[in-house]
Amino acid sequence: MTLPFLEEPTYTVSELCGEIRQLLSGAFPSLWITGEVQRVNESRRGHLYFELVEKGAEDEICGRLDAVVWRSDWQRVRRALAASGQGITEGLEIRCRGAVDFYGAGGRLQLVVREVDPVFSLGLLERRRRETLAALEAAGLLEANRARLLAELPLRLALVTSHGSAAYHDFVSTLSESGYGFQVLLVHAAVQGVAAEREIVSALALAGRAGADCVVLIRGGGSRSDLAVFDSRAVAEAVARAPVPVLTGLGHEIDESIADRVAHTPLKTPTKVAEFLVERVLRAERRADELAGALRQTSLDRLRDGREALGSAERGVELARMRLASAAARLDEHARALGRASTARLREARRERAVL
């Protein structure tokens, strides 16, 4: 008698993985899929690994898929994206074409990406940008931070950037070389990746309460997709609502981010922001020197005028004294003449009386 279960096929693990792989590759040989990029990692062999996720209405992940771009395809895909200032970065939503594969050795399903549509990401970014700008304008926030008064002598700075980054060192080095006594409070925030939006918003709020003359938001250069977080509505609102002026230097030479659009003073790079602050302090120093010089000259002029007036007064007093002395002499002479005339008249009167 034959046992029923002995008639059923028995697979080894690798055989079943092979069957699954063959089944999936036949069912999904090539397809387009959209999703948000997360957990990007380029291996030492030149392959790019990442996750594609889909989020629900409450920003919860409702779908997740491992993806890989093999080195042979990655060089071509990277060049195509770079031509439009993009890259595969965390938080970016992309449309890509590939095949579904099952990696038996790792026991996981993955999407082998062969092409990424640059127009899709650009269009999506631009649409979100327009929507964000419209919402900011409706809320009256486009010019809110620009209305803040920037101190004539901005020496106390709250710096929002990634600690130890090239942007940080470029900014601080330029300030140090000036010789002025800048005080810089660093508020660390990731400026790229999934956590960037949340950390930048939090850092801006903390920096705004630090009692600084202004807040400086900087990062180094990057592709358009690298800088996508600075088109975020949450970041833009945090910049616009800051209680002190916000200066931006986001490492781009062409495109203006929404954070730039709502900032008090947008500049191209971290070094440019530092140079702007140094120049502002230099102008304040020159104005102080000019005022001191003008005050000194005014004081000297008034002292000279005072001395001249005093000299004139002294000469007037001397002339008056001389005139008074002359008048007194004439008065004495008149008094003596009157005395002589009075004496002579008295004698004459006595003689006339004696004759009578």
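Asp213 and Arg156 form a salt bridge (a side-chain nitrogen of Lys or Arg within 4 Å of a carboxyl oxygen of Asp or Glu), with 3.0 Å between the closest N and O atoms. The model is predicted, with local features requiring pLDDT of at least 70 and side-chain atom pairs counted only at pLDDT 80 or more, whereas totals for chains, interfaces and linings use all residues. Residues are numbered from 1 along each chain as its sequence is written, and side-chain values use heavy atoms, without hydrogens and water.

Asp213 lies in the loop between α6 and β8 and Arg156 in strand β6, 57 residues apart; helices (H or I, at least four residues) and strands (E, at least two) are DSSP runs numbered from the N terminus. Asp213 is buried at 14% relative accessible area, while Arg156 is partly exposed at 41% (buried, under 20%; exposed, over 50%; partly exposed, in between; 1.4 Å probe, protein chains only).

The structure holds 19 salt bridges. In one of them, Arg64 pairs with Glu51 at 2.6 Å between the closest N and O atoms. Arg64 belongs to strand β3 and Glu51 to strand β2, so the pair ties together parts 13 residues apart in sequence. Arg64 is partly exposed, at 48% relative accessibility, and Glu51 is buried, at 11%. Salt bridges with shared partners join Arg39, Glu51 and Arg64 into one network.
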